[in-house]
Amino acid sequence: MLKIQNLCKNFGTRVAVDNLILEIRTGEIFGLLGPNGAGKTTLVRMLTLLAKVTSGTAIIDGHDILTDADSVKELIGVVPQNLNLDYDLTGWENLQLQARMHHITDHKECDGRIADILAFVELTDRAQDICRTYSGGMKRRLMIGMALVHKPKILFLDEPTVGLDPQVRRKMWDLIRSMNANGMTVLLTTHYIEEAEQLCDRVGIMELGKLIALETPSGLLEKVGKFVVEWMKNENSNSRVFATREEAMAFAAELEENATIRAANLEDVFIELTGRKVNE
Amino acid sequence: MNKMFFYDVYTVYWRDWIVFTRTYKKFLLSRMVTPLLYILAFGIGLGRNISVDGGSYLSFIIPGMIAMNSMNISFNSVASPLNMSRLYYHTLETYIISPISTWAFVLGKVFSGILRGVISTGIIWVIAYALGVKVYVGGWFIPVLILNCGVFSALGVAAAMAMPTHEDMGNFSTYVLVPMSFLCGTFFKADGFPPFIKYFLNLLPLTPASSALRALAQHQLLHWSWIAIMGIYLALFLYASYYLIAKKREE
């Protein structure tokens with residue numbers, strides 16, 4: 001569905017995305033994980049035609065983003081990190097505006113799609129309210145709805161749950177899963193470890209503009225280790241990852257300090273690979 | 001040209017029209033305040049005993065007020081929301097990633113500014129009529145008014161795209177629109193200025209607009225040089241708007 005070929009983005013002398021090569025398969029949920037400044041958003045902005053490519057290119061469903069932008073616009077749905085709703089319009093009107101932008105000229109078809117989307121994002125009863133009055137979760141759901149109006153083949157979600165409380169975040173995950181179940185390819189960026197673990201078929205870890213790991217969440221854990229020993233020394237927390245529980249227990253037994261052993265997660269993978277935490 | 005071009009222009013305009021239908025009462029009331037104050041202060045208060053070209057001062061300033069007010073309304077109704085949309089609400093990005101072309105976006109916004117400018121002129125016309133001044137709006141009056149609104153709506157799009165902060169938008173109005181409001185033949189003729197200042201003022205876009213609207217309101221001849229100057233400004237500002245939005249697409 002998406003082939004990224006040696007994509008680069010420079011801002012002056014600073015390299016934001018560094019010669020990135022990546023292929024995303026049709027129908028998968030792919031997660032880009034990384035700390036702020038890793039280049040995730042810049043990558044998504046290039047793929048969604050919001051930022052100029054410095055070099056390289058990407059092919060979306062056979063269409064080059066550099067030479068066939070008009071076709072690409074019809075194939076992609078975009079949910080950016082920033083809220084981009086038109087606060088002077090109702091939920092229905094925001095969707096109607098999107099439909100008009102994508103040349104859905106048949107009124108009956110347009111109204112049908114909008115009604116379906118509002119039901120899907122559970123906003124039917126608030127459709128005629130000005131969206132300035134929506135809660136944070138409702139605004140995010142409407143943004144997803146707006147990205148779906150023209151039935152894109154691939155959906156880009158840039159930090160889709162940032163700032164949402166855990167309950168609303170889980171509702172958003174359900175929404176993303178059901179879109180994927182309907183056949184949509186999803187690329188999402190996140191710095192929430194749990195989000196990547198729960199949602200993604202494969203995860204790419206980005207740091208300093210480069211892709212430093214690419215695997216399924218369980219594959220990444222296999223590579224780095226499944227068990228973590230954590231202990232405190234001189235008021236600093238320390239951790240180490242081991243392949244087996246036995247190895248972890250043996251290591252913990254040798255420590256002078258009290259230690260805990262737990263299952264590893266993608267955060268541990270990230271620390272092992274980069275030496276720092278995702279949200280640092 | 002894309003076969004959906006005019007549909008796209010209308011889509012951009014449609015969004016602003018929807019918002020206008022929701023806010024028109026506030027819009028109309030707020031747009032009555034400034035012209036009413038100017039007319040009361042300068043036309044009736046200060047200008048009661050002043051005669052210009054054998055007519056009342058009130059009859060003189062109404063066309064100038066129309067030029068000035070349509071400039072301000074057309075500019076501000078486009079510039080401020082678009083600047084906010086670009087810098088704070090990020091709604092401009094939804095247009096950029098949509099199939100709507102840059103020219104369609106620019107023209108949709110300009111038509112939206114023209115509509116508000118023309119409506120604000122209607123308000124001044126009604127106020128003037130209530131005060132006993134009948135402004136002739138036949139012939140070329142409406143086309144020249146639309147051209148003036150188009151010039152400043154296009155300037156509004158360009159300024160909204162060029163200004164780096166919303167505060168700078170305010171500064172742009174202070175340094176560009178406010179001087180034109182007072183110096184471009186709106187409240188008095190520029191004849192008293194030294195020749196080089198007069199020459200400079202004649203080249204500003206509001207001067208030909210107020211001269212043309214005043215001439216037409218008083219059944220006098222229209223100088224086509226006025227229209228030419230306004231036309232050149234319209235073309236320049238439209239192109240600047242196009243260029244700045246296209247540049248934004250290429251960031």
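**Exercise 1. Helix H6 of chain B**

Task: In this predicted model, find which residues of H6(B) are buried, and which helices they pack against.

Solution. Begin with the burial cut-off: a residue counts as buried if 20 or more other C-beta atoms lie within 10 Å of its own. In H6(B), the residues that pass are B:Met169, B:Phe172, B:Leu177, B:Met180 and B:Ser181. Next, look at what they touch.

**Exercise 2. Length, bend and end of the same helix**

Task: What span should the 18 residues of helix H6 (residues 166-183) of chain B have, and where does H6(B) bend?

Solution. Take the length to begin with. At 1.5 Å a residue, H6(B) should span 26 Å, and its end C-alpha atoms are 26 Å apart, so the two values agree. Now follow the axis: there is a bend of about 30° at B:Thr174. Finally, go past the end of the helix. There you meet B:Gly185, with a positive phi near 75°.

**Exercise 3. The side of chain B that touches chain A**

Task: How many residues does each chain give to the contact, and which elements of chain B take part with two or more residues?

Solution. Count by chain: 23 residues come from chain A and 19 residues from chain B. Then sort the chain B side by element. Helix H1 (5-46) and helix H3 (92-96) of chain B each give two or more residues. The largest share of this side, six residues, belongs to H1(B). Last, sort by class: the side of chain B that touches chain A has ten nonpolar, five polar and four charged residues.

**Exercise 4. The six-stranded sheet of chain A**

Task: What is the strand order of the open sheet of six strands in chain A, and why do two strands each have a side without a neighbour?

Solution. Reading across the sheet, the order is S6-S7-S8-S3-S9-S10, and the pairing is mixed. Strand S6 (76-79) and strand S10 (210-215) of chain A stand at the edges with a single partner strand each, so one side of each has no neighbour in the sheet. From one strand to the next, the twist averages 15°.

Now zoom in on one pair. Strand S3 (residues 29-33) and strand S9 (residues 202-207) of chain A run parallel and are joined by four bridges. Here A:Gly31 stands opposite A:Val203.

Helix H5 (residues 136-148) of chain A lies across S6 and strand S7 (154-158), at about 165° to S6(A). Helix H10 (residues 266-274) of chain A lies across S3, S9 and S10, at about 40° to S9(A).

**Exercise 5. The four-stranded sheet of chain A**

Task: Which strands stand at the edges of the open sheet of four strands, and which helix packs on the sheet?

Solution. Write down the order, S2-S1-S4-S5 (chain A), with antiparallel pairing. The edges are strand S2 (14-24) and S5 of chain A; each has a single partner strand, so one side of each is left without a neighbour in the sheet. Helix H1 (residues 40-47) of chain A packs on this sheet and touches S1, S2 and S4, making about 65° with the direction of S2(A).

Strand S1 (residues 2-11) and strand S4 (residues 55-60) of chain A pair over five bridges in the antiparallel sense. Along this pair, A:Leu2 faces A:Ile60, and A:Lys3 stands opposite A:Ile59. A:Ile60 also has a bridge partner in S5(A), A:His63.

**Exercise 6. Two hairpins of chain A**

Solution. Start with S4(A) and strand S5 (residues 63-64), an antiparallel pair with two bridges. Two residues lie between the strands, and A:Asp61 takes a positive phi near 45°. Move on to strand S11 (residues 227-233) and strand S12 (residues 236-242) of chain A, joined by seven bridges and running antiparallel. Within this pair, A:Glu230 has A:Ser239 as its bridge partner. The hairpin again has two residues between its strands, and in the turn A:Asn234 has a positive phi of about 50°.

Note on methods: Residues numbered from 1 in each chain as written. Chains lettered and ligands numbered in written order. Predicted model: local features only at pLDDT ≥ 70, side-chain atom pairs only at ≥ 80, totals over all residues. Pairing = 2+ DSSP bridges. Axes fitted to C-alpha atoms, helices over the stretch in contact; angles between N-to-C directions. Contact = placed C-beta atoms within 7 Å. Expected span 1.5 Å × (residues − 1). Bend = angle between axes of the 7 residues up to and from the residue. Buried ≥ 20, exposed ≤ 12 C-beta atoms within 10 Å, placed from the backbone. Nonpolar A, V, L, I, M, F, W, Y, C, P; charged D, E, K, R; others polar.
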